[in-house]
Amino acid sequence: MPDIVTDLSASPATASHTLRSTVADARDGYEEWRAWRLRSVAEPTGNLALIETRWLEPGDETTPEQALAGQPETVTATELSRRDLDTGEPQRGIRLWDAASPAIQAYETIEAFPFDPAWVIEATFTPVEGDRTIPFEHIRDNGLTRDLVVPGDITFTRDGVDYTLSAFDDDGTLLLVFGDPTNGAEGEDGTYASGRFLFVRRDGDRAVLDFNRAFVPPCGFSDQYNCPLPPRNNRFGVPVRAGEKRVVLRGGAAH
């Protein structure tokens, strides 16, 4: 198996140099990224701190400050919005974050695979004209879907299989939601059951998918998140043994 799959339009010499540079960069930054992930999820507004997502009825003008009434000093409130699936109208929400949440108190680590250069993949990004949307089912929407903007196709070939993946626009960054046979599997190779996330680096028509930085989505840390699930074309038929596996809480509990 080659260390990396590349855009075949590049010349052999250029492609070889690009591959070495891409893998070296990915390896050099991995330990720092890993330390940041382990630290950030337990911060006061990290994934483990979310204790409530409250969606407000039309006309409810509750402010984040008002939502803090009766809460301990460790709790912070923020505001968010979404599109109501029934009415199509914008809907306000409030989230409560507890820096001393039970999940933070029980947090031990995030299991991860060892760094594997074979899962640093160079791909081609082909933009599409206009705002193309793809329906993504979300974990808390009871089978309904939300349309997310997918600005282009990410294509590559690996072990003789052609892939066309869809990453949506997450505030200017491409976010890939993908699944593979490790999801929900038992044993050391098992990963979070609903799939994993990966931010895609893009430079023009080139994209880098470093699956060593695939991460457990926010809903793997708190059931107060509503995460998108992998669409059919983002589901690999082979195990992706790279990136984060599962969240481990004290006592051996894992999400």
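**Close-up views: nonpolar cores and positive-phi loop residues**

**View 1. The largest nonpolar core, with 34 residues**. Among the members of this core, L48, Y107, F168 and F221 touch the most other members. A nonpolar core is a set of buried Ala, Val, Leu, Ile, Met, Phe, Trp, Tyr and Cys residues joined through side-chain atoms within 4.5 Å; buried denotes under 20% relative accessible area, exposed over 50%, and partly exposed the range in between (1.4 Å probe, protein chains only). At least two residues of the core come from each of α1 (12-40), α3 (102-106), β4 (107-112), β6 (133-137), β11 (173-178) and β14 (244-249). The greatest contribution is that of α1, with 4 residues. Helices (H or I, at least four residues) and strands (E, at least two) are DSSP runs numbered from the N terminus. The model is predicted: local features require pLDDT of at least 70 and side-chain atom pairs pLDDT 80 or more, whereas totals for chains, interfaces and linings use all residues. Residues are numbered from 1 along each chain as its sequence is written, and side-chain values use heavy atoms, with hydrogens and water left out.

**View 2. A second, separate core of 21 residues**. W119, A167, L176 and L209 are included in this second core.

**View 3. N142 in the loop between β6 and β7 (145-149)**. The phi of N142 is positive, near 55°, in a residue other than glycine. Most residues other than glycine have a negative phi. N142 counts as exposed because its relative accessibility is 76%.

**View 4. D171 in the loop between β10 (167-170) and β11**. D171, also not a glycine, has a positive phi near 55°. With a relative accessible area of 79%, D171 is exposed.
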